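The stops below go from one element to the next.

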Amino acid sequence: MHPPESRLNPPGRPFGPSRFLNQRSFAALGLAGMLTAALSGCNTVVLDPAGDVARQQGDLVIVSVLLMLLIVIPVMAAVVIFAWKYRASNKDAKYEPDWDHSTQLELLIWTAPLLIIICLGAVTWTSTHLLDPYRTIGRIDHETAIAADAKPLEVEVVALDWKWLFIYPEQGIATVNELVVPTGRPLQFKITSSSVMNSFYVPAMAGQIYAMPGMETRLHAVMNKTGVFKGFSANYSGAGFSSMHFAAHSVDDAGFAKWVGDVKASGKQANTGQTADAPLPEAPAAMPLGGNLDRAAYLQLEKPSEKVPVIRFASVDPELYGAIVDMCVEPGKMCSSEMMAIDARGGLGKAGIRNVSMLEYDKNGRQAGTDATATPDAAVRKELAWVRALCRQIPGSAPDGTIKAPTDMRSLNGAGLAAPQSIGLGQEEARAPDSVSRPAHVSLISRN
């Protein structure tokens, strides 16, 4: 029979951690060191962005993680403490095989997570409303409020296969795979797609927003630092998705004015010295380089192409973006808003039959419909004019679902914080000029 002290140090077993345990400990420390070194080289743009909206989103991530760590750290510490206290070699630990309930422990187990969930819910709810991409921003940064007369820069974004088109309606220019915005000025992005769903994402500026064909989404943001940042599509969209990147330049007001002047003056492909006579690598030979971006040029541009370098257009058709959203860029194509207006009236009989070819939106099989309506005869033109007279929409763009920022921007203050109305439901729309009744759900896009 062994003496009592032998319980803590059995025969043939050295006191303290085994050599194998030491080896595993050193291996774990080495792995942790390598992981720390690897993470130190990661790009932390999401947590250290250049835009105030992205910074608020990053702060939300940090606050959420800290709140969750309030329960995660004690639980992990308790696992280690309990494992050490009730190890096999500790014979002094109290053994209670019949224990099954503790009111104090139950209160601690349920109350602490419940309080954390309540705090997470409150922070997430208010931040989700304040950072709604359809809501105008209320500040440039945490110290600078938006001026009452500040006019946001409007940029119309179109996701193509596989490149990005940026239209500046106020400046009358357009670019491919090049986004330039002024620092410290509110930005309003109108986003759509030509064929399949993509996702517009500049991590340094704001969160990702989906781009969908026949629809328009919004994003309000601001850039607080100058520099060049990475933008890309965050939603897989086919073979050329991996190269669907663009450079987002944040410049001062003088730099932005100079850039606009350069685009208008040159209208040539940036940084390559190529002119409109030089074809793009891995792109259709007929793709336009510079000049005017009208409907015909857009139809060439939207054809699938990969690794397209920057293209600048000195001028752009002011109605092009609206036609892209309304899916009627092709000559003679019936717009989706016109089709919805016809459906809302119960159809138009013969007109519905004669215009079947105009309703074909399949990207790969619509060429026959395009050819059929490219040079319509007199009868078709007369009928089309009659249909469009009945379905004429109010001049303007898609319904504006913009939400005004609240006057009090404190993150936990819900006073005056209306729920997001991203699609403008319940808003009264004006009547058409021809006094024809128009359903509330029909798009407000005008086509002549």
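Start with Phe200, whose bridge partner in β11 is Ser233. In β9, Phe200 has Ile209 as its bridge partner. Before going further, note that this is a predicted model, in which local features need pLDDT of at least 70 and side-chain atom pairs count only at pLDDT 80 or more, while totals for chains, interfaces and linings use all residues. Residues are numbered from 1 along each chain as its sequence is written, and side-chain values use heavy atoms, with hydrogens and water left out. Helices (H or I, at least four residues) and strands (E, at least two) are DSSP runs, numbered from the N terminus.

**The sheet around β8**

Select β8, residues 198–201. Asn198 and Phe200 on one side and Ser199 and Tyr201 on the other are all buried; buried is under 20% relative accessible area, exposed over 50%, and partly exposed in between (1.4 Å probe, protein chains only). β8 runs antiparallel to β9, with three bridges, and antiparallel to β11, with two bridges. Strands count as paired if DSSP finds at least two bridges between them.

Now show the whole sheet: five strands, open, in the order β6-β12-β11-β8-β9, with mixed pairing. β6 and β9 (209–211) are the edge strands, each pairing on one side only. On average, neighbouring strands of this sheet are turned by 25 degrees against each other, direction ignored. For such angles, axes are lines fitted to C-alpha atoms, for helices over the stretch in contact, and angles run from 0 to 180 degrees between N-to-C directions.

**Strand β12**

Select residues 245–251, strand β12.

**Helix α4**

Move to α4, residues 253–266. At 1.5 Å a residue, its 14 residues should span 20 Å, and its end C-alpha atoms are 20 Å apart, which agrees; the expected span is 1.5 Å times one less than the number of residues. Colour Phe256, Trp259, Val260 and Val263, which are buried in α4. They cover an arc of only 100 degrees around the axis, which puts them on the same side of α4; the arc is that of the directions from the helix axis to the C-beta atoms. Turn the view to the face away from this buried side to find the exposed residues Ala254, Lys258 and Ala265.

The cover over the buried residues of α4 includes β3 (153–160), β4 (163–168), β5 (173–176), β6, β12 and β14 (311–313). Contact here is heavy atoms within 4.5 Å.

Select six strands in the order β10-β7-β3-β4-β5-β14: they form an open sheet with mixed pairing. β10 (217–221) and β14 stand at the edges with a single partner strand each, so one side of each has no neighbour in the sheet. Neighbouring strands in this sheet are turned by 20 degrees against each other on average, direction ignored. β5 and β14 run antiparallel and are joined by three bridges; Ala174 stands opposite Phe313 in β14. α4 lies across β3, β4, β5 and β14, at about 90 degrees to β5.

**The pair α2 and α3**

Next, show α2 (residues 52–85) and α3 (residues 103–130), which pack at an angle of about 175 degrees with their axes 9 Å apart. The two helices are therefore roughly antiparallel, a label for angles over 145 degrees. Residues that meet here include Leu60, Val63, Leu67 and Ile71 in α2 and Ile116, Leu120 and Val123 in α3.

**Backbone stops**

Most residues other than glycine have a negative phi, and most peptide bonds are trans.

- Asp161 and Trp162 are joined by a cis peptide bond, with omega about -10 degrees; Trp162 lies in the loop between β3 and β4.
- Lys307, in the loop between α5 (295–301) and β14, has a positive phi of about 50 degrees.
- Met327, in the loop between α6 (320–325) and α7 (336–344), has a positive phi of about 55 degrees. Met327 is partly exposed, with a relative accessible area of 26%.

Notes. Angles under 35 degrees count as roughly parallel, over 145 as roughly antiparallel, 65 to 115 as roughly perpendicular and the rest as oblique.
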